[in-house]
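Thanks for coming. I will go through one structure today, so please have a look at the screen.

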Amino acid sequence: MKEENFSETDSLKLINEMISKVKRSYVTKGIASMVWGVLIITCSLLTWAEVRYNWDPGFDVWLLVFLALIPQIFFSIKEKRSRKFTAHDETTTTYVWSAFAISIFILSFYNSKFGSEQATTLFMMLYGIPTFITGGMFKFKPMIVGGLICWALSVVSVFTPVDADMLLMAGSGLFAWLIPGIILWNRYQKQRRENV
Amino acid sequence: MENEHFSPEESLKVIDSMLQKTRNEIKGNDIYFLMWGWLTFVCCTSQFLLKRVFDYPKHYLVWWLTLVGVAMSVIITIKQGKQKRVQTYIDESMGFLWTGMGISFFVLSMILSKVGWDKPVFPFFIMLYGLGTFISGCLLRFRPFITGGIIAWIIAIGSIYLDYDYQILCGGVAIFVSYIIPAYMLRAKANSQE
């Protein structure tokens, strides 16, 4: 390696190349994004039906969210085994979403103690944070926009009744995760076809 | 650039050196942590004193001080932007992180102005302090911020069981542990590396 010829600009160029390389592998994670999106939308709509039509499913529909953990863990382990290295920003993304999971736990704990009427508002505000940061880190606009939409819907939900809040929550899941997930998935498929 | 002779180990070395460089650049950025840390610490302790000791009904007005922080942050950012030659990946990520945190605090303030500031919201604020410092620590690979973030989360959970007044005080403790102490440690480390 000819270090003497390696300027700061070259280093940055290389780092950018590394980032785009990771970006390509990250597209596989469109699946996780879609799974979360579908689950949040489903749970929100079921809760909306519960509130609106006094419908009782017989269990807490939000427990379905735990179902998302199964494919998430499965794909994470599978991908970890097939990868030779983990890039810095991938590790950071893992930390971002771990921090988000811890925050969701604390917020759920907080709500169980205070029974906050603003629970949905606070959850949507929280959804915006990791989505916006991940979008920014990977320069992936749909997620940046998704994060901003979560915050906007969070503010709107302060002024709406509980049943409408659930529809807004479904909107958060759609814009923050499902749509970006579909875009990532399509890009991944396109890339695979090009590589064949 | 002779990419063909560049092994993954060497690439990682370059990235590590860039991280080191960014960490040193953070020495200039630690001013944000210190400024916001001390400002929030002063707000928390003042609100506690105004409410608990002086029994002042509009104790929450002390939080208007944060507008000074916003103005100062804007001035510092513009000033630093003019001096900086390159924007590293970590700079950008930190930018997105703290823009996101800023928007979240703003949204939370809007929510509170509607539902009332007397609600027991401090555990939620403390949780957000933890979130910001934990992710910053991960981005910079600086353990004191990560530890500070985790301690802030523990304080957030503990404060749920306390009265509103003591929740305010917990906010002060959390900010001291998760912002102020790690920021001074970062500054000391950067100084020792020079």
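Ser192(B) sits in helix α6 of chain B, residues 164–193; helices here are DSSP runs of H or I, at least four residues, numbered from the N terminus. Ser192(B) counts as exposed because it has 7 C-beta neighbours inside 10 Å; the cut-off for exposed is 12 or fewer other C-beta atoms within 10 Å, for buried 20 or more, with partly exposed in between, and C-beta atoms are placed from the backbone. From Ser192(B) to Leu139(B) is 53 residues in sequence and 21 Å in space, C-alpha to C-alpha.

This is a predicted model, where local features need pLDDT of at least 70, side-chain atom pairs count only at pLDDT 80 or more, and totals for chains, interfaces and linings use all residues. Residues are numbered from 1 along each chain as its sequence is written, while chains are lettered from A and ligands numbered from 1 in the order in which they are written.

On confidence: pLDDT, the predictor's confidence in each residue from 0 to 100, averages 80 in chain A, with 76% of the residues at 70 or above. Within chain A, helix α1 (residues 8–26) is lowest at a mean of 57, and α6(A) is highest at 93.

That helix, α6(A), covers residues 141–157 and has 17 residues. Its buried residues include Met143(A), Trp151(A) and Ser157(A).

Last, Ala152(B). Leaving aside neighbours within four places in sequence, Ala152(B) has contacts (C-beta atoms within 7 Å, placed from the backbone) that include Ile126(B), Tyr129(B) and Ala174(B).

Definitions and conventions:
Helices (H or I, at least four residues) and strands (E, at least two) are DSSP runs, numbered from the N terminus. The expected span of a helix is 1.5 Å times one less than its number of residues. Two residues are in contact if their C-beta atoms, placed from the backbone, lie within 7 Å.
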